[in-house]
Amino acid sequence: MSDNEQAAVEPTVEAVALVDIDGDGVVDAVVAVEDNGDTVTFVDVDGDGTVDAVISSSADGSTVVAIDEDGDGSPDVLLVDVDGDGTVDAVITRTEDGGTVVAIDEDGDGSPDVLLVDVDGDGTIDAVATLDENGEVVEILEVVEESTVESDAV
């Protein structure tokens with residue numbers, strides 16, 4: 001390839017917008033990248049040059065939104081639309097202690113029905129809670145060992 005030729009690189013930048021998304025008077029950046037029908041959008045909400053949120057949309061309509069709330073460069077909250085219907089099917093939150101809480105909306109009513117909790121951040125589920133239609137805990141299943149589950153009905 002000569003010095004004057006350019007190589008096509010996938011993915012390609014589809015759109016760039018410099019707008020004040022949050023109304024704080026600071027210009028924010030939105031960059032959308034497309035690759036084979038999948039789109040990833042990077043959002044800098046506070047205008048400091050760091051990525052505050054990443055929105056990944058697949059060609060099948062499924063979407064994941066990753067939000068870095070504390071600016072440390074890793075996502076604190078993930079919003080997941082598995083089936084592409086525009087509703088959030090799961091919210092994954094990182095706790096201050098390094099654990100994870102996964103809230104799953106099984107029936108699509110906008111409120112979680114099941115919580116999966118990794119208390120210590122080791123990657124294994126420590127507890128499962130089922131919730132009623134008001135978001136109240138119905139039952140907590142505590143995983144004591146990999147093969148044992150104890151039930152604490154509330």
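# Notebook: contacts, strands and salt bridges

**Entry 1. The loop around Gly 84.** I began with Gly 84, which touches Gly 61 and Ser 62 once residues up to four places away in sequence are left out. I note at once that the model is predicted. Gly 84 sits in the loop that lies between β6 and β7. I then looked up the C-alpha separation between Gly 84 and Asp 60: the two residues are 24 apart along the chain, and the atoms are separated by 6.9 Å.

**Entry 2. The chain as a whole.** I next turned to the secondary structure. The protein chain has zero helices and 12 strands. Read from the N terminus, the order of elements is β-β-β-β-β-β-β-β-β-β-β-β. I looked up the surface as well: the accessible area of the protein chain is about 9800 Å², and carbon and sulfur atoms account for 53% of that area. What share of the 154 residues is buried? I recorded 21%. For contacts between residues at least 6 apart in sequence, I found that 2% join residues at least 24 apart.

Entry 3. I followed the strands in order of sequence. Strand β6, residues 77-81, runs antiparallel to strand β7, residues 90-94, and four bridges join the two. Within this pairing I located Leu 79, whose bridge partner in β7 is Val 91.

From β7 I went on to strand β8, residues 100-104; five bridges join β7 and β8, again in the antiparallel sense. Here Thr 93 has Val 101 of β8 as its bridge partner. I also examined the hairpin of β7 and β8. Five residues stand between its strands, and Gly 98 in this hairpin takes a positive phi near 90°.

Which strand pairs with β8 over five bridges in the antiparallel sense, with residues 114-118? I found that it is β9. In this pairing, Ile 104 stands opposite Val 114 of β9. I then traced β9 to strand β10, residues 127-131, and noted four bridges and an antiparallel run. Val 117 stands opposite Ala 127, which belongs to β10.

Entry 4. I searched the whole structure for salt bridges. How many are there? The search returned three. As background, I noted that side chains of opposite charge can pair when their charged atoms come close.

I took Asp 70 and Arg 94 to start with. Their side chains meet in a salt bridge at 3.8 Å, N to O. Arg 94 has a relative accessible area of 29%, so I listed Arg 94 as partly exposed.

I then looked at Asp 72, whose side chain meets that of Arg 94 in a salt bridge at 3.1 Å, N to O. Asp 72 is in the loop between β5 and β6 and Arg 94 is in strand β7, so this pair ties together parts of the chain 22 residues apart in sequence. The relative accessible area of Asp 72 is 46%, which I recorded as partly exposed.

I turned next to Asp 76. It forms a salt bridge with Arg 94, and the closest N and O atoms are 2.2 Å apart. Asp 76 lies in the loop between β5 and β6, Arg 94 in strand β7, and the pair links distant parts of the chain, 18 residues apart. Is Asp 76 buried or exposed? I found a relative accessible area of 7%, so Asp 76 is buried. Through shared partners, the salt bridges join Asp 70, Asp 72, Asp 76 and Arg 94 into one network.

**Entry 5. A nonpolar patch.** Last, I looked for nonpolar surface. I found a patch of about 310 Å², made by Val 16, Leu 18 and Val 27. Of these residues I followed up Leu 18, which is found in strand β1, residues 12-19. Why does Leu 18 count as exposed? Its relative accessibility is 62%, and the cut-off for exposed is over 50%.

Methods:
Residues are numbered from 1 along each chain as its sequence is written. This is a predicted model: local features need pLDDT of at least 70, side-chain atom pairs count only at pLDDT 80 or more; totals for chains, interfaces and linings use all residues. Side-chain values use heavy atoms; hydrogens and water are left out. Patches are made of residues with over 30% relative accessible area and no salt bridge: like charges are joined within 9 Å, nonpolar side chains (Val, Leu, Ile, Met, Phe, Trp, Tyr) within 5 Å. Accessible areas come from the Shrake-Rupley method with a 1.4 Å probe; for residues, only the protein chains shown count as cover. A salt bridge is a side-chain nitrogen of Lys or Arg within 4 Å of a carboxyl oxygen of Asp or Glu. Buried means under 20% relative accessible area, exposed over 50%, partly exposed in between (1.4 Å probe, protein chains only). Contact means heavy atoms within 4.5 Å. Two strands pair if DSSP finds at least two bridges between them.
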